[in-house]
Amino acid sequence: TKPVTEHVIDDDAFISQCDDIMAEREKMLSYGLDHFTEGLFSLVIDTTDRIQHMFYRFEDPEHPLYSEEGKKKYGNVMRDYYRRVDGLIGDITQHHVDDETLLLVCSDHGFSPFRKGVNLNRWLIDQGLMTLSSDPDPTDIEGGALFRHVDWKNTMVYSVGFSSIYLNLSGREGQGVVNPSDAAGLKQKIMEKLVEMKDPQTGSRIVKNVYDSKTIYSPERIMDAPDLVIGFDAGYRMSWQTAIGGTPIALVEPNDKEWSGDHIVDPSLVPGIFFSNASLKKTAPTGLDIAPTVLSAFGIKPGEKMTGDPLF
């Protein structure tokens with residue numbers, strides 16, 4: 001494992017910048033609501049996302065950059081921001097919502113600790129699914145990014161991005177070697193082995209679920225989708241090097257960056273929230289239901305190709 005490095009971001013300056021952005025949003029909200037009479041009013045608050053990405057390390061004692069000193073100084077930053085946003089929603093509810101107003105509040109995801117990065121291409125190498133012409137230089141912090149060391153003629157599978165696995169498919173990839181007739185069987189083999197992957201340092205499970213793209217993407221989007229999507233278990237995420245096509249030597253490495261919270265894990269671990277001032281007719285709403293719900297609120301029938309259902 002590589003040594004944990006000192007963090008270099010000025011936490012106080014980062015909070016100050018987030019406060020400035022949030023204050024500007026609050027002014028926009030106040031001005032907009034004061035001049036709004038009817039129609040659709042929408043506001044996006046993303047500062048909570050930035051705060052959680054950067055300050056989860058002071059909430060999680062298992063994170064490499066956690067410290068009691070940091071916990072004492074920054075341990076309530078995330079909660080304080082949620083209280084701030086809750087105050088906004090409370091003000092909107094009290095002063096701008098009446099019996100003829102529909103209020104919807106939703107998030108697209110929650111958050112999870114990001115303690116360790118997983119070099120998935122190294123796992124593929126260990127499984128005999130990827131071959132290198134040579135190992136990357138140990139001093140190369142990117143681990144041979146952009147697949148510089150990959151022997152494509154002897155590689156069946158590769159990973160790039162934050163949760164994606166692709167087959168080196170003949171007829172699709174430039175140097176594809178996997179026969180399309182073998183794709184389904186190969187994907188099933190990878191899925192079964194991935195959920196058995198363990199952290200060599202702790203024995204903990206790394207992957208909670210793996211999803212075949214054919215089961216989660218619509219047919220017209222399959223060509224744009226990865227072949228498999230990984231749902232990591234809590235604490236793990238695709239490494240920074242894998243995201244850019246790197247092949248570092250270690251399987252798992254400590255995340256020594258301030259970006260210490262994330263949501264690129266199995267969706268069951270980071271569900272979004274939804275609440276409104278109207279009763280729902282659906283017990284388990286999803287993000288895909290929001291657009292049809294807004295259209296229905298204005299008496300507009302959602303189009304036939306629109307995914308999701310009105311919630312009221």
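Student: Which residue in β4 is the bridge partner of V157?

Tutor: Two strands pair if DSSP finds at least two bridges between them, and strands are DSSP E runs of at least two residues, numbered from the N terminus. Here the partner of V157 is L167. Strands β3 (residues 157-159) and β4 run antiparallel, joined by 3 bridges. This is a predicted model, where local features need pLDDT of at least 70, side-chain atom pairs count only at pLDDT 80 or more, and totals for chains, interfaces and linings use all residues. Residues are numbered from 1 along each chain as its sequence is written, and side-chain values use heavy atoms, leaving out hydrogens and water.

Student: How many residues lie between β3 and β4 in the hairpin?

Tutor: There are 4, and G161 in the turn has a positive phi of about 85°. On another side of the pairing story, β4 is joined to strand β6 (residues 228-232) by 2 bridges, again antiparallel, with V229 as the partner of S164.

Student: Are the residues of β4 (residues 164-167) buried or exposed?

Tutor: Buried means under 20% relative accessible area, exposed over 50%, and partly exposed in between (1.4 Å probe, protein chains only). S164 and Y166 point one way and I165 and L167 the other, and all are buried.

Student: Which residues are buried in helix α9 (residues 290-297)?

Tutor: Helices are DSSP runs of H or I with at least four residues. In α9, I290, P292 and T293 are buried. They sit on the same side of α9 because their arc around the axis is only 165°, taken from the directions from the axis to the C-beta atoms.
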